[in-house]
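The following paragraphs lead through the packing of side chains in one protein chain. Please keep the sequence and the model in view while reading.

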Amino acid sequence: MNAQIDAVRKTRNYLLQNIADLSNDALNEVPAGFNNNIIWNLGHLVAAQQGICYLRAGLPAKVDESIIAAYRPGTKPEGKVDDAGIARIKELLFTTLDELEADLAAGTWTQYPAWSTRYGVDIDSIDSAISFLQFHEGLHSGYIMALKRVVQPAVAAV
């Protein structure tokens, strides 16, 4: 098992456990002052991982293009994601990591063109791309936790 991918998997597990009590309406809510919602952020984690690891390397994505298009950087929620769509995103959070791990073991990446993220991180290999994923996951985990606090305010103490 790749330790870096395992760290991403643990972050995603933590996120899903942390939002398990939210309704689909809460997952889809875009609160005032925010540009997106919790389910968009989860979908974005999938799309970003595909873009960073596969598309940037000139390899085909492992998910349908509609996922990439809906959740790539610069997009916003374009309507409510239904129950099936939410379940699909939650599933993809883990199946895409399993595929990434299998592709790493198979030596899929023979080249990886260098590029710099908007955060000033230079990426020049699949290993540095996966390292960057950990930073990116942490960033969006913070957004998700902030959104959760707004869409599900704490219940007053009795």
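Is Phe-132 buried or exposed? The model is a predicted one, in which local features need pLDDT of at least 70 and side-chain atom pairs count only at pLDDT 80 or more, while totals for chains, interfaces and linings use all residues. Residues are numbered from 1 along each chain as its sequence is written, and side-chain values use heavy atoms, with hydrogens and water left out.

With a relative accessibility of 5%, Phe-132 counts as buried; the term stands for under 20% relative accessible area, exposed for over 50% and partly exposed for values in between, with a 1.4 Å probe and protein chains only. Phe-132 forms an aromatic pair with Tyr-119, at 6.1 Å centre to centre and 35° between the planes, which is a tilted arrangement. Rings of Phe, Tyr and Trp (its six-membered ring) pair if their centres lie within 6.5 Å; planes under 30 degrees apart are stacked, those over 60 edge-to-face, and the rest tilted. This pair links distant parts of the chain, 13 residues apart: Tyr-119 lies in the loop between β1 (115-116) and β2 (122-123), and Phe-132 in helix α6. Helices (H or I, at least four residues) and strands (E, at least two) are DSSP runs, numbered from the N terminus.

Phe-132 also pairs with Phe-135; the ring centres are 5.6 Å apart and the planes at 35°, so this pair is tilted. The two residues are separated by about one helical turn because they are 3 residues apart in helix α6. Tyr-119, at 37% relative accessibility, is partly exposed, and Phe-135, at 39% relative accessible area, is partly exposed.

The nonpolar cores come next. A core is a set of buried Ala, Val, Leu, Ile, Met, Phe, Trp, Tyr and Cys residues joined through side-chain atoms within 4.5 Å. The largest has 27 residues, and Ile-19, Ile-38 and Leu-42 have the most contacts inside it. Among the elements giving two or more residues to this core are α1 (3-19), α5 (83-105) and α6 (126-151), while α3 gives the most, with 7 residues. Apart from this core lies another, of 18 residues, including Tyr-54 and Ile-126.

Beyond its neighbours within four places in sequence, Ile-38 is in contact (heavy atoms within 4.5 Å) with residues including Ile-19, Leu-27, Ile-144 and Val-151.
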